[in-house]
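Subject: Structure handover

Hi,

Here is the structure I promised to pass on. Please open it alongside this note.

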Amino acid sequence: MMILRILYFSPSTATGRHDSYRAALAFAWHARAAVRECGLKATVDFQWALPAISSKKQVHSLLSGADLLVIASPTYAQGSPWFLRRFLELGAGLQLWGRLGTAFASAGGTHTGGDVTVADTLRSLMGLGMSTFTFAQKFVVFGVQQKFLADGVFEPVDVWFLQQLARTAVAHLAGRIDIAQTDACVQRWALNTSYYQTFPTYDRLEAEQGELTRRLNQPLDEPNAYGWWSSQLDRDCTPPDARRLPFFDLLPIPGAAGPILE
């Protein structure tokens with residue numbers, strides 16, 4: 001049984017919205033669907049990685065043992081957050097040759113450093129011996145502010161990109177068994193490195209991703225907001241509470257950030 005492991009570092013932003021965590025939920029949902037559709041013998045593992053930065057042993061455990069790693073991170077001050085850098089630095093010395101890795105990030109806006117976060121992460125995974133990839137030529141970054149919507153609101157196109165990255169990940173994973181199986185997955189999902197030439201229409205995006213998008217945008221203080229995610233992913237999907245961590249005081253204090261608050 002192969003393992004696709006998602007490591008997320010929520011909450012960690014000054015907004016308290018858990019943007020990267022919510023994106024990770026949608027990625028996990030799409031990855032599980034892709035595994036089923038591809039007929040792959042693989043499990044999707046979902047782990048909160050932030051507490052591990054206090055322990056090199058825990059970091060090594062999270063980085064090891066998976067066939068494919070996906071890192072979901074917020075963005076700080078135009079680039080990688082310090083705790084993600086610390087996590088990856090503690091992985092130094094691991095020999096992860098042949099494993100697969102990818103990453104995506106949330107950011108305040110399109111030009112607020114999310115691409116730097118993804119590039120830094122992929123380069124660090126390469127430094128551990130991993131083979132890395134993204135969706136086609138795109139670094140997958142979600143700017144959840146600085147647009148004509150309330151801060152923290154995901155759009156169907158965001159969830160579509162999460163689906164494409166998840167399908168890309170599963171297609172790569174299938175290639176560990178047989179490259180013909182990768183080709184079959186690519187054909188099934190019509191994955192295309194030139195996706196921008198036949199980009200989905202708004203109506204199609206709404207029909208395919210609208211319901212999942214609305215699930216992502218439910219307020220964090222809504223009692224039933226995460227019950228659905230928990231039932232879908234077979235785990236407790238309540239957003240993690242970082243207040244018990246010994247380094248909590250080093251994280252920004254969440255401020256007012258629109259309708260989706262912790």
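This is a predicted model: local features need pLDDT of at least 70, side-chain atom pairs count only at pLDDT 80 or more; totals for chains, interfaces and linings use all residues.

Start with strand E4, residues 100–107. 8 of its 8 residues are buried, so the strand is largely enclosed by the rest of the structure. Leu100, Thr102, Phe104 and Ser106 point one way and are buried. Gly101, Ala103, Ala105 and Ala107 point the other way and are buried too.

Now the partners of E4. Strand E3 (residues 68–73) pairs with E4 in the parallel sense, over 6 bridges. Leucine 69 has glycine 101 of E4 as its bridge partner. E3 and E4 also belong to a right-handed β-α-β unit, with helix H3 (residues 82–89) as its helix.

E4 pairs with strand E5 (residues 131–132) as well, parallel, over 2 bridges. There, leucine 100 is bridged to serine 131. Strand E6 (residues 140–143) is another parallel partner of E4, with 4 bridges. Serine 106 meets phenylalanine 142 of E6 as its bridge partner.

Next, the helices. How do H5 and H6 lie: roughly parallel or roughly antiparallel? The axes of H5 (residues 156–174) and H6 (residues 179–189) cross at roughly 155° and come within 7 Å. The cut-off for roughly antiparallel is over 145 degrees, so H5 and H6 are roughly antiparallel. The crossing is right-handed. On the H5 side, Arg167, Val170, Ala171 and Ala174 make the contact. H6 contributes Gln181, Thr182, Cys185, Val186 and Trp189.

Best wishes

Conventions: Residues are numbered from 1 along each chain as its sequence is written. Side-chain values use heavy atoms; hydrogens and water are left out. Buried means under 20% relative accessible area, exposed over 50%, partly exposed in between (1.4 Å probe, protein chains only). Two strands pair if DSSP finds at least two bridges between them. A crossover is right-handed if, with the strands pointing away from the viewer, the path from the first strand over the helix to the second runs clockwise. Axes are lines fitted to C-alpha atoms, for helices over the stretch in contact, and angles run from 0 to 180 degrees between N-to-C directions. Angles under 35 degrees count as roughly parallel, over 145 as roughly antiparallel, 65 to 115 as roughly perpendicular and the rest as oblique. A crossing is left-handed if the near helix is turned anticlockwise from the far one by less than a right angle, and right-handed if clockwise. Contact means heavy atoms within 4.5 Å.
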